[in-house]
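Hi everyone, thanks for making time today. I'd like to walk you through a structure that may be new to you, so let's bring it up on the screen.

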Amino acid sequence: MTNSKNDFLPFALPDIGEEEITQVVESLRSGWLTTGPKAKQFEQDFAEFIGGNSYAVAVNSATSGLLLALKAFGIGEGDEVITTPYTFSATAMTIVNAGAKPVFVDIEKNSFNICPKKIEAAITEKTKAIMPVHFAGLSCDMDAIIDIAKRHNLRIIEDAAHALPATYNKEIIGNLKTDATVYSFYATKTITTGEGGMIIVHDEKIAKSCRIMRLHGISSDVFDRYTSTKPKWYYEITQQGYKCNMTDIAAAIGIPQLKKARAFQKRREQIKDIYFKELVDLPIILPEEPRDGDVHSWHLFVARLTDAAKISRDEFIEKMSSAYNIGCSVHFIPLNLHSFWQSHLGVAEGDFPVAVDSFNRAISLPIYTKMTDEDVHRVCLAIKELLS
Ligand SMILES: *Cc1c(COP(=O)(O)O)cnc(C)c1O
C-alpha cells in the first residue's frame, strides 16, 4: 500500500474493488435502494457459504443482529446472559437493550476467549443464554460451551463479529450446534458492507421472527410485499418490531466481498506468518494459533508485552505512531473498566483479573489485505527497534 517509510501506515483499511463499485452503481441505477433483490441475493449467498440447514437474515449491523437474536428467543426482562468482558461494548449492550442482564465471566489467558471452566459458577436460575465472542477470529472452546449449555438448558448466541470465515473442529462458525450466530460487516471487519450484519439460525420460525422484527414488525419485507399477490399498499404489523434491515446498497457491497472472503483470509494469514517469523526473541507474546486443521480469520493480531519489555504498552503505541508513522490499536478496553458498566452492573476493575492484565499488555498490530509484504516488514522492523 505504502512504499515510503514516511507514509502513514493505517491500522486498518477496507478492501473495495471494482466489483463492489459496479454492484453499488447497479443498485443505484435500478432505483431499488432499500431492502430488495440485492439483500435477498446476499442472504442466499451467505446461507450457502455457511452451508448446512442455515437461514441468513441481513441486518444493518451485528449490534442489531444480536438484539434480534435475543428477542427471537424470548430473552428479556429478568433474564441473565453470560458473556465476556473482553469484547466491544456492543456485545453486552445488546443484552441490556433486550431488557436482560449481562453477567461477565473472565477470559482464558492465551486465547482471550471466555473461559468455559468459569462459566458454570456464574449460572443462576435466571441464566437463559451464553453469548461467546470468537475474539480476533479464533474460535472459542465450543465443545465445552455447548456441553454446559446442554446441561443447563441455555441458548447459545455467538457474537461472530470477528470470525468470518473461521472454523471450529473444521466446521464453519455459524454451522455449529448453537442457536444463532451473528456476523458483522463494519468497515474494518474481515468483509464489509460499510455497516451491516448477518444473523444465521437453523430454525425457520426464528429466522421468520428476525425478518419481521428487523422491519417494524411487518409480516413480510418490502420486496415480498411488492411482488406478492396482495395489493401493493397492504401490510400487517404482527409483532413488536425495530428498524434494522439491510439496504440493497450495502448488500451490493457484500455480494462481491463474500466471494473474496477466503482469499482475504489467506492474505491475512500470510501477514500473520510474516509476524510470527520475524517477531522472535522479543519481549512479546504472539497470539494463539488455531488448532490443527482449523481456520483463524485473523481479523486482529493482538500481541502482548511481557514484563521484560522496557517500555509500557501506551508508550509503545505512541512511539509506533510518532517515530514510525504506523497505526496500532488496543482491543479491547475490558467492559469492567468503563464507568457505565461499573455503575450499571456493579462490576469493578479487580473482578476480571485476566481480562485486565491482558488489556494492559495488548497491542493490536495492523493486519489487513491491502498491506504489502514490505508494509509488514516495516512494522516488524519498527517493533524490533522499539523493543530491543
Ligand atoms: C464490531 C463488533 C460488534 C458490532 O458490530 P457492528 O456491525 O458494528 O454492530 C460486536 N461485537 C464485536 C466483538 C465487535 O468487534
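Let's start with Arg-267, which counts as buried because its relative accessibility is 16%, under the 20% cut-off. Please keep in mind that this is a predicted model. Which residue does Arg-267 form a salt bridge with? The partner is Asp-373, and the closest N and O atoms of the two are 2.9 Å apart. Asp-373 sits in helix H14 (residues 373-387) and Arg-267 in helix H10 (residues 261-278), so this pair ties together parts that are 106 residues apart in sequence. Asp-373 itself counts as partly exposed, at 34% relative accessibility.

In general, side chains of opposite charge can pair when their charged atoms come close.

Here is another one: Asp-179 with Arg-155, where the closest N and O atoms are 3.0 Å apart. This pair also links distant parts of the chain, 24 residues apart: Arg-155 belongs to strand S5 (residues 155-159), and Asp-179 to the loop between strand S7 (171-172) and strand S8 (180-184). Arg-155 is partly exposed, with 35% relative accessibility.

Now a local pair. Asp-357 and Arg-361 are both in helix H13 (residues 353-361), four residues apart, or about one turn of the helix. Their salt bridge has its closest N and O atoms 3.0 Å apart. Asp-357 counts as partly exposed at 31%, while Arg-361 counts as buried at 18%. There is also a network of salt bridges that links Glu-19, Glu-20 and Lys-260.

Let's turn to the ligand. Which of the 15 residues around it come nearest? They are Thr-63, Asp-159, His-162, Ser-184 and Lys-189. A polar side-chain atom of Thr-63 is 2.5 Å from a ligand oxygen, and a side-chain N or O atom of Lys-189 is 3.2 Å from an oxygen of the ligand. Ala-62 takes part through its backbone, with a polar atom 2.8 Å from a ligand oxygen. On its own the ligand has 380 Å² of accessible area, and the protein covers 93% of that.

Next, is His-296 buried or exposed? His-296 is buried, with a relative accessible area of 2%. You'll find His-296 in the loop between strand S10 (284-285) and strand S11 (301-305), and its side chain reaches the backbone oxygen of Gly-137 at 3.4 Å.

Last stop, the surface: Ile-16, Ile-21 and Val-25 form a nonpolar patch there, with about 210 Å² of accessible area together. Ile-21 lies in helix H1 (residues 18-30).

How values were computed
Residues numbered from 1 in each chain as written. Predicted model: local features only at pLDDT ≥ 70, side-chain atom pairs only at ≥ 80, totals over all residues. Heavy atoms only, no water. Patch = residues over 30% accessible without salt bridge, like charges linked within 9 Å, V, L, I, M, F, W, Y side chains within 5 Å. Areas by Shrake-Rupley, 256 points an atom, 1.4 Å probe, with all protein chains shown as cover. Salt bridge = Lys/Arg side-chain N within 4 Å of Asp/Glu carboxyl O. Helix = DSSP H or I, 4+ residues; strand = E, 2+ residues; numbered from the N terminus. Near = heavy atom within 4 Å. Polar contact = N/O pair within 3.5 Å; in protein donor to acceptor, adjacent residues only side chain to side chain. Buried < 20%, exposed > 50% of the residue type's maximum accessible area, 1.4 Å probe, protein only.
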